[in-house]
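Here are some notes for a colleague who is opening this structure for the first time. Please read them with the sequence and the 3D view side by side.

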Amino acid sequence: MTATSHQAAAEPIVTLERITKAFPGVVANDNVDLQILPGEVHVLLGENGAGKSTLIGLLSGLQQPDSGSIQIDGTQRAINSPRHALSLGIGTVFQHAMLVPTLTVAENLLLGGPWWERPRKERLREKVDEISKSLGIAVDLDAYAHDLSLGEQQQVEILRALIRDSRVLILDESTSMLTPKGIEELGSLMRRLVNRGLAIIFITHKLNEAVSFGDRISVLKLGRKVGEIGPDRFKSLDKAELTTQIVEMMFGGQHSEDDAGFHKPNPLSTAEPPVLVLDGVTLESTSTAPGLNSVHLELHPGELLGIAGIDGNGQKQLADALSGQSRIESGSITLNGKRIETHSVGERRDAGLRYLTDDRLGEGTVSTFPVSLNFLLKQIGSPPYWRNQIERRADIDQHAEHLIQDYDVRTPSAHTPVGRLSGGNIQKVLLARELSDGAKVVIFNKPTYGLDLSNTVSTRQRIRDIAASGLGVLLISTDLEELLELCDRIAVMDAGTITGIVENGENARTEVGRLMVGLSQ
Amino acid sequence: MGSLFSEVFLGALLFGAVAAAVPLLLAGLGEQISEKSGILNIGIEGMMIAGAYFGFLVAYSSGSLWLGFLGGALAGGIVASVMAILCVRLGLNQIVIGIGLTLGLEGLTALLHHVQFSRTYPRLPAADVLAIPLLSDIPVLGPALFRHHLIVYLAVALVFVMIYVYRRTQLGLNLQAAGDKPAALDVAGVDVVRTRTVAVLSTGALAGIGGAYLANIGAGIFVPFITNGAGFLGIVLAMLARGRPVWVLLGALLFGISLSLTTALQVAGINIPTDVIQMIPFLAVMIMLVAFGRRSSLPAALGIPYERGAR
Amino acid sequence: MESTTTPAGTVTDPIQAMIHRLLLTLGPILIALIIAGLILIAIGVNPLEYYGYVIKRGLLSPTGVQQTLTRMAPMLFIAAGLIVAFRAGIWNLGVDGQFLLGAVASAASAPLLAAVMPSWLALIIAFSLATTVAMAWSLLPALLKAYHGVNEIITTLMMTFLGVSLANVMVKLVFLDPGTTVPQTRTLPVEDRMFRLFDTTISSGLLLGLVAIIAVHLMMTRTAFGLKLRVVGANPRAAVHSGLGVPSLTIAVFAISAALAGLAGAVDILGVQGNVRADWNPAYGLAVIPAVFLARLNGFASIGFVFLLSVLSIGGESAARRIGVPTTFTLVLIAIVLIVLAIAEYADHRYQNARRT
């Protein structure tokens, strides 16, 4: 509680033992052990889907583990609610800002006090003054939360945790939206905090941050903890060695299987003129999403071009801009020699541009509609399934039966609501819909996200086949293995900008990996 | 035409406006609490009429108007608790349940009235008036504005209480957070469901008092369907006021004046159908909506049930 | 739920599903009848006697059943209009205003037109006028919703208050029948009204209403346009993703919904009432809104519920005279059915989810 100087040898504040948590279809945490010690910045590293967010959810009381135990100060506890987590001294700064936009900073900090009380603004001000002076952060208590930059919002959330005497501070991907300077500042702030005896759990994708800010690193992969580097080893290695070791933990492991089958760049790809050209495509960023920063890409027929990057760096915006769901501010998109940036979604589809969204239930399908209609969601009204606008049930059903067979969709019937199918089968419905006649360019957004192994394998094979049949394929993915396995070239996206394009080959793993974690090529 | 601007006419007009505005004000302030916390309370008409009936019943059998208001608040609160369980806790559709409650309570109160009062049609004596010293002696304005039942002043005072609650209390912060970003409230350690339940119950109590006012002070009698859309008007007022109590007051007065104007004109012998004047506030509001409605600033989570950790 | 009529391939599943649905509908109705029966007992009425009398007068007596069927006509049109709106995710709570303005438009025009032209032509023109007026009345909420995202609940509620007042103003000031002292519009002579079916008193409006609601049902379930509306209603983001023009579809929904409400007014006037009296407002909308929800927005099921509503209200009117249970008891009954059904659906949903994991 009090901020006296603890030493590294202290007892752990939080101990996780054999924590397992499953969601329908995914095991998010699989027997994870973790110890959080005071005076340490404990870095959690891992790709998207490695199970970091779930772990945070468990610690902050948003979710309950299926099995395993959580001990606080050596006694076993169930963290029932966020309120309970706070009272145990665990404060969390979530990846997506958890401030009420219409309240001021002070009001946000006061949320959670006894409801009958008058918010004690004066006491808050004193406390904030004290903390911010000793830590060197400055916040304007009277500003509205929606007027703050993401970095400022984060500082407010850190402040909130400190005001509540948190002993453990969780920072969930806090740097993903910060400027380099903001990241530096956050790093030194963390150092000052742990020097006061706090424990910090710092979640990040970026290696250099992990290496320069951390005391201890744990690496998660597919829900399991695959390695840990303690403070002693941490100090004994220099940055370069540390980086290599971590890269090995994060991206290695599958070498033995995959190395032989390195994807050979397609010889066709540059021989023909590009089928899709993006030139200077720009989109303003909004308060919740990054924009696009003069994106330039060329895609040749038969080519598989990957877009790598940490989630939320403009990949979705790129897909929306291409599919026509959002209008670009400047630049041009050329499909088969024709400018299409002003065309509607339907016109682009008719012209051969197809988009498989990653949000399969949110926007890709209507979950209460039968599979048969979801196959035709983007062609409503067109013959032969509709004649004179009247539905032709027999044709629709026949079409559905064909696609169900061709794409091996496992469904009780063509009339089953699509929301009842598994993720893999919903993905097959989308594949069948988008690849139907006339496709020239297909954009995949995280096509295997949340799928099990066999569906992942078959989806990847399908993507390969599509490119082999002469279509241009743009594959957006946060899974580096997938990109390395499939693509001819891999572009890396960071904060709405393409930071580099790598030819797939022997060194591609390292090069893309380095670009992805923010190191230069 | 001289009579139109006579002191008597103006006085009656203002007096009537205040009297007619009070139930709308209570309904609007009540609805505002629910909406602020993210619940679209369409059942408020039902809560009002429950309050009108039960408030009248209690006042009539006890002889005390204050017990009547208490009864109204209680009845409104009970109806609201049904809404809270079904819509806040279980997350059922707020519009379906709201309309269901309104229909059911309109029917039920009419039925009970039929059983109990349809032969006797009992009336309450005219309510006591509290004349505020000095102020009530101001010519024209005095009798119009400062000779009302105490509940009228309390209702107006409630506007300022609510301003205080919204801006200066922990409860106010919680309510706003529950409507604008419930997840943020949850991680700050406040139970969203509990906060919204409190809001819906308060709405019910205030609507019930508003209903009791309609029966006990406005009419002195309960008749079936006495609320006649006052609850729905409350919804309109709350949505237009965008979270600010003062705007509910102004809106309620606007509608109150138009209601009062129709009676006043008839008394003055000018024969304009009441409907013409009743249209004016709606017209004004629609015009305002067309002109300024572009920035719709309803709470972001209005009408959406909260589920922790839903991604 | 989406209606998918029995597919040929699978046999047991849809039948089981239908039985499940039926149980999930009839069970709660039975429970609601019991609860409402308890209320009747509380006020000293034998529920069996009441329910028996309602069925006898609303359903089994010749005059009763004719009244019941006639009463259905406007409600069927309103139900049709609501189905279009609700399936497209638009909360048109302004049907009562649209209904009344349609009624006034037809009442104002038909008697004058019938005097100078054949009555069939007069009726057609009156119908079109009612439709146009009601559609125009929904234009403002439609535009505000489609282009500025203004919540349609508030705008349609306001427009319905305005519409009810405007209808009264029109009746009292503009279209007043000079021939009587009662404030009402001119009356359409009985011989010029819509013809009656066979030798009964049942208005042909019933047929039109049935045609309207079935047409709407088929439009929503069998046509491309209906499917587009359902996509917008079920998942607006999927609609954008699929390239549907959401704003224009929204405006179309308002127009169709209001037009049907206007037709409901016209059918009631031209078939049954003959004129609009001042302050006349049957407020069918508020009763039909829950009914179409009970029917889960299915046209055929809505016919059933409107019929039930009609039986209850005609039977309830007789029972009011005979047994002394006021007509408002019908509202209580409907409300209880609605709430019990909603709870049953929730419980079923939870049960299915629990079983699946």
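1. Strand 14 (residues 330-335) of chain A and strand 15 of chain A run antiparallel and are joined by two bridges. Within this pair, Thr334(A) stands opposite Arg339(A) in strand 15 of chain A. Please keep in mind throughout that this is a predicted model.

2. These strands belong to an open sheet of four strands in chain A, whose order is 12-11-14-15 and whose pairing is antiparallel. Strand 12 (292-299) and strand 15 (338-339) of chain A each have a single partner strand and stand at the edges, so one side of each is left without a neighbour in the sheet. Helix 11 (residues 315-323) of chain A packs on the sheet, where it touches strand 11 (276-283), strand 12 and strand 14 of chain A, and its direction makes about 65° with that of strand 12 of chain A.

3. Turning to strand 9 (residues 216-221) of chain A, five of its six residues are buried, so this strand is largely enclosed by the rest of the structure. Strand 9 of chain A pairs in the parallel sense with strand 3 (residues 41-45) of chain A over four bridges, and in the antiparallel sense with strand 10 (residues 224-229) of chain A over five bridges.

4. Ser218(A) in strand 9 of chain A stands opposite Leu44(A), and Ser218(A) also stands opposite Glu228(A) in strand 10 of chain A. The hairpin of strands 9 and 10 of chain A has two residues between the strands, and Leu222(A) takes a positive phi near 50° there.

5. As for the domains, the assignment for chain A gives domain 1 (14-98 + 167-253) and domain 2 (261-516), and the C-alpha centres of these two domains of chain A lie 33 Å apart.

Note on methods:
Residues numbered from 1 in each chain as written. Chains lettered and ligands numbered in written order. Predicted model: local features only at pLDDT ≥ 70, side-chain atom pairs only at ≥ 80, totals over all residues. Buried ≥ 20, exposed ≤ 12 C-beta atoms within 10 Å, placed from the backbone. Pairing = 2+ DSSP bridges. Domains from an automatic or database assignment. Contact = placed C-beta atoms within 7 Å. Axes fitted to C-alpha atoms, helices over the stretch in contact; angles between N-to-C directions.
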